[in-house]
Structures are given as structure tokens and as C-alpha cells.
Amino acid sequence: MLYRPVVLVRVAASVLATLVVVAVSVSDTLAERPSVLFLAVDDLRPEIGCYGSAKMLTPSIDRLAGRGVRFDRAYCNIAVCGASRASLMSGLRPTPTRFTRHDTQVSVDAAGVPTLPATFKAAGYHTVTNGKVYHQKRDDADAWSEPDWREGGPGSWWALEENRAMVSPTTRGPAYESADKPVSSYPDFRTATKTIEDLRRLSAGEKPFFIASGFYKPHLPFVTPQEFWSLYPSDAIQLPDNMFFPRNLDRAFRYNWGELRKYDAVPSKGPLSTDAARNMLRGYYACVSFTDAQIGRVIDALDQLDLAESTIVVLWGDHGWQLGEHGFWCKHTNFEVATRVPLVIVAPGVDGARATTRLVETVDLYPTLCELAGLPEPEHLQGRSLLPLLEDTEARHKDAVYTRYGGGDAVRTERFRYVEQRDRRGVGKLQATALFDLQLDPGENDNVVQQPEYAEAVLRLRDQLARARQSATAGGADWP
């Protein structure tokens, strides 16, 4: 059965620690609470086996999904790593002035807000962070029982010395690399090793643990050992069939994918060559399979230590990634491929091998984990617990999810995506709008915002998005 506290209440941060102690003493002992393994993957789009795609080989993630619930329509709230992670970990939505950049720090943008790991630490959990969980090392430092552990940095992104030598404060090496190097020489391998060591060490303790483990790949550069590149022959790589800017879409929505253009041999403007585009896809796929193998090592250790039955496992992506769709690469937009993420939740008492098509957001994870572990929810949370969907995948949840980036805000419903673009990074004059009918146009190739038959939908979604923008920045649910 799912873990249930005697009373679930929403509490103010100032009394959180006291109420957690009460909840523990009344409902159960601390040692009987489930532990948490929180697995983050950078730039991972849900184009993997358990999501019905044969493009990438992901046996470990597929195996994990077989144990829990797969969320087929999960979305980040902003498609850039630091901001997305800060939003998820704080339980607050991004706004034009909060959680805006890749280097966002939750300790700055949401100072004083009890974060997800801080809430678990206050409840008596031993909290550990390995790899890239927050974007910035030492962000939210007080939330962890041990110092932030991670490897990486520009000097370690490439395995080949000649590519490392190209790195300077103003230049980077190639966007992809295949090297005849041992898997153990790559940072994500060592992140998995550290996580396995922590599982072994903390499983012998008296406290439940909250271990967050973040994997860099498939983030740029697409660097993996040759054995993973070999899984994807070049002649088998198919480019997207919509490598064109959406029809009838205003130029205000154009995007120059500057993140990729910083790498060697990538043109400063204009499209990639066909060969380069194929290598980008091949490298991305190889990186996903590489990270999948590391996740498999961690899950194997969980099983070997007999922790699987007492541990909540969450696998999530911080945002999607454009692989040439609409002529775009990287993230930083409000399109489906940039905002949709993989999400799998495995928990004691939750039946496995199930999926839900309900719309969910990463901001929903904080209240979900609180409820699964029997912890009171801080009153500032803006997400909604996914526990009803874990119990019944057809349960009602949300009619819409919301994403933003830069000057753009979007609402995604069952059928539509409506987007507004403003100047001054979202607080200025409205520049353009767009509407995509996802039922007829799942690739978002035709903007139908001006077509008369969609006028009623545009008005409804415009008002819905306006209300959401307001509630995210002010009101009772928002942190003052």
C-alpha cells in the first residue's frame, strides 16, 4: 500500500520542521518512511523505447518504466536547465523575473523558500546531491546533508586531448566526439559510481535517504565512447521531416540556437549541413544510450541492496531538446519538442507497467513526493500532487500546463498550444501570437491563430494564459 500519514496538511515554512516531527511521531517511525532516489537527465526528450519510439536504445529506462507509472504528457515549466531545475525544486512557477536563465540559482530567485530537498532534510532524511542536480554548484547548499558532489566543466567535456586543447574562455571544441576511451573515464560514469556508493553506505543507516543524482548527457557536447556511437550507423539516421519554420508564424518566434553555435565548426548563422545534422542526431542518440547504461548500473545496485521495495524512484528530464525540427536545435522555445519531458515514478505500493496521458508539469513533483513520503506540504507550492494518477492513471488532473521562455508564454491543453511573445523578456508589448492545433498538426507546423474557425479557442486560451500569468506572480499560492 502507499505510505499514508495520519493527517496531510499544508503548512507554512516557519512551522514545517515542528509539524514534520509531529507527523513522524504520530504516524510512523522515521526509519519506516520510504527513501527517495531522484534521477535527473539533462536535455532528454521522451523519444525512448518505453515511450514507443525505436530511435534510441534505452533498455534501463524502459525496465524502470515497467516498475512504475510513465507520464506520456509531462512538461517542464521553462525550457532552460537552471531555471527549470530551480522551478521544480522550489515548487514555484517561472515568471519574467524569476527563474529566467540557465545559471539561475534558487537561493537567489527564491531566497527563503523551503526547497524539495530542504523539506526532506527537515523531516529527518539524509540528503545527498551528486552530479548536475542544480545548475550551479553550492546552490541551496543548506538543503543537503553533505557537500554538493559533482565533476565536470569545459576541460572534461571531451575525451580526446586535441579537442580539450581547443577550449578557451571564448571558444569550445567540436559539438560531438566519438572516442576509443573506457566508459569509466567519463564524468557521468563516475556520478553513477558515487550514487551506488551512497546507496550502499546510506542503506546501512537509521535514516531514510533522499539521493538526487543528475546526469549531464545528452547535454552538449555529444561526447561518448565509440561503443555507443556504434549503436547508431550513420546511414540509419533519419532527419526530421519538418526542418522548416512553421507556416504563417511571425518572425518574433524565430530562434537562432546560439548554444550550439558556440561549438567549433558550427556556422554562426544559417542551417547545419546535412552531414553535420546527421552527426548531431547520432551523437545525441549515443549520449542517451550512454546515460541509460549508467542509470541501469544505479538501478541494479538498488536491487542488489534490497532497496527497491522501500525506495521511491523518480526519473525526470529538465526539458526537451530540438533536433532540427523547425530548423531549430537546443531548447529555449515553447514548442512541444523543447518542453515535453520524460517522467517515470516508481513507488512502494504503486502498480507498475502503467502509463497516463494526463497533462502534468514538473512543478507537480514537489507535492507528489511530499505526499508519497507522508510529509506536510509547504503552503507556497504551485503544483498539484500526482498521487491520484499513480493510483488511477485515468484520474482527473489538469486541463492545461504552462511553459515560458524569455519573452514567450504558452498554454498547452489536450488539443491546442497557444503562445504569446512579448518584448522586454515577457513584460513588455505583445509582439505576436500563435495557435497550433495538436490534434490535426502534432508537429506544430501551421500557425492557425488567424483562421476564423479557431477564434473562440484563441479567446479562451488567451484569457486562460493571462490568469495563469497573474497567479504565478501574485496571489495566495505564490511565495511573497
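Trainee: How many of the seven residues of strand 2 are buried?

Mentor: Please bear in mind that this is a predicted model. A residue counts as buried when its relative accessible area is under 20%. Seven of the seven residues of strand 2 are buried, so strand 2 is largely enclosed by the rest of the structure.

Trainee: Which residues of strand 2 lie on one side and which on the other?

Mentor: In a regular strand, side chains alternate between the two faces of the sheet. In strand 2 (35-41), one side carries Ser35, Leu37, Leu39 and Val41, and the other carries Val36, Phe38 and Ala40.

Trainee: To which strand is strand 2 joined by seven bridges?

Mentor: The strands of a sheet pair through backbone hydrogen bonds, in either a parallel or an antiparallel sense. Here, strand 2 runs parallel to strand 8 (residues 311-317), and seven bridges join them. Within this pairing, Phe38 stands opposite Val314. Strand 2 also pairs in the parallel sense with strand 6 (residues 209-215), over six bridges. There, Ala40 has Gly214 opposite it.

Trainee: Where is Thr58 placed, and is it buried or exposed?

Mentor: Thr58 belongs to the loop between strand 2 and helix 2 (59-65). Its relative accessible area is 1%, and Thr58 is therefore buried.

Trainee: Is Gly52 buried or exposed?

Mentor: Gly52 is found in that loop between strand 2 and helix 2 as well. With a relative accessible area of 71%, Gly52 is exposed, because the cut-off for that class is over 50%. As for distance, the C-alpha atoms of Gly52 and Thr403 are separated by 24 Å, and the two residues are 351 apart along the chain.

Trainee: What does Thr291 touch, leaving out residues up to four places away in sequence?

Mentor: Thr291 lies in helix 10 and touches Val41, Asp188, Phe215, Lys217 and Pro218. Thr291 counts as buried because its relative accessibility is 2%. Sequence separation and spatial separation should be read side by side: Thr291 and Gly214 are 77 residues apart in sequence and 10 Å apart in space, C-alpha to C-alpha.

Trainee: Which helix holds Asn163, and with which residues is Asn163 in contact?

Mentor: Asn163 lies in helix 6 (residues 161-164). Leaving aside neighbours within four places in sequence, Asn163 is in contact with Trp158, Gly173, Pro174 and Glu177. A relative accessible area of 12% is why Asn163 is classed as buried. Asn163 and Val36 are 127 residues apart in sequence, with a C-alpha to C-alpha distance of 38 Å.

Trainee: What is the order of strands in the open sheet of four strands?

Mentor: The order is 15-16-17-18, with antiparallel pairing. Strand 15 (400-405) and strand 18 (430-437) are the edge strands, each pairing on one side only. From one strand to the next, the twist averages 15°. Strand 16 (residues 408-413) is joined to strand 17 (residues 416-422) by five bridges in the antiparallel sense. In that pair, Asp409 has Glu420 of strand 17 as its bridge partner.

Trainee: Which helix packs on that sheet?

Mentor: Helix 14 (residues 455-473) does, touching strand 15, strand 16, strand 17 and strand 18. The direction of helix 14 makes about 60° with that of strand 17.

Trainee: How many residues line the largest pocket, and which lie nearest its centre?

Mentor: A pocket may be described by its volume and its lining. The largest pocket holds about 920 Å³ of space and is lined by 37 residues. His102, His135, Trp157, Arg172 and His219 lie nearest its centre. By class, its lining comprises 13 nonpolar, eleven polar and 13 charged residues.

Trainee: Which element gives the most to the lining of the second largest pocket?

Mentor: Strand 3 does, with three residues. Strand 3 (69-75), helix 10 (274-304) and helix 11 (336-339) each supply at least two residues of that lining. The second largest pocket contains about 580 Å³ of space. It is lined by 28 residues, of which Arg45, Glu47, Glu336, Val337 and Arg340 are the closest to its centre. Its lining has eleven nonpolar, five polar and twelve charged residues.

Terms used: Residues are numbered from 1 along each chain as its sequence is written. This is a predicted model: local features need pLDDT of at least 70, side-chain atom pairs count only at pLDDT 80 or more; totals for chains, interfaces and linings use all residues. Side-chain values use heavy atoms; hydrogens and water are left out. On a 1 Å grid over the protein atoms alone, a cavity is a set of points where a 1.4 Å probe fits but cannot get out, and a pocket is an open set with protein on both sides within 12 Å along at least five of seven lines; lining residues have an atom within 4 Å of a point. Grid points are joined across faces, edges and corners, and a volume is the space filled by probe spheres set on the points. Ala, Val, Leu, Ile, Met, Phe, Trp, Tyr, Cys and Pro count as nonpolar, Asp, Glu, Lys and Arg as charged, and the others, Gly among them, as polar. Buried means under 20% relative accessible area, exposed over 50%, partly exposed in between (1.4 Å probe, protein chains only). Contact means heavy atoms within 4.5 Å. Two strands pair if DSSP finds at least two bridges between them. Axes are lines fitted to C-alpha atoms, for helices over the stretch in contact, and angles run from 0 to 180 degrees between N-to-C directions.
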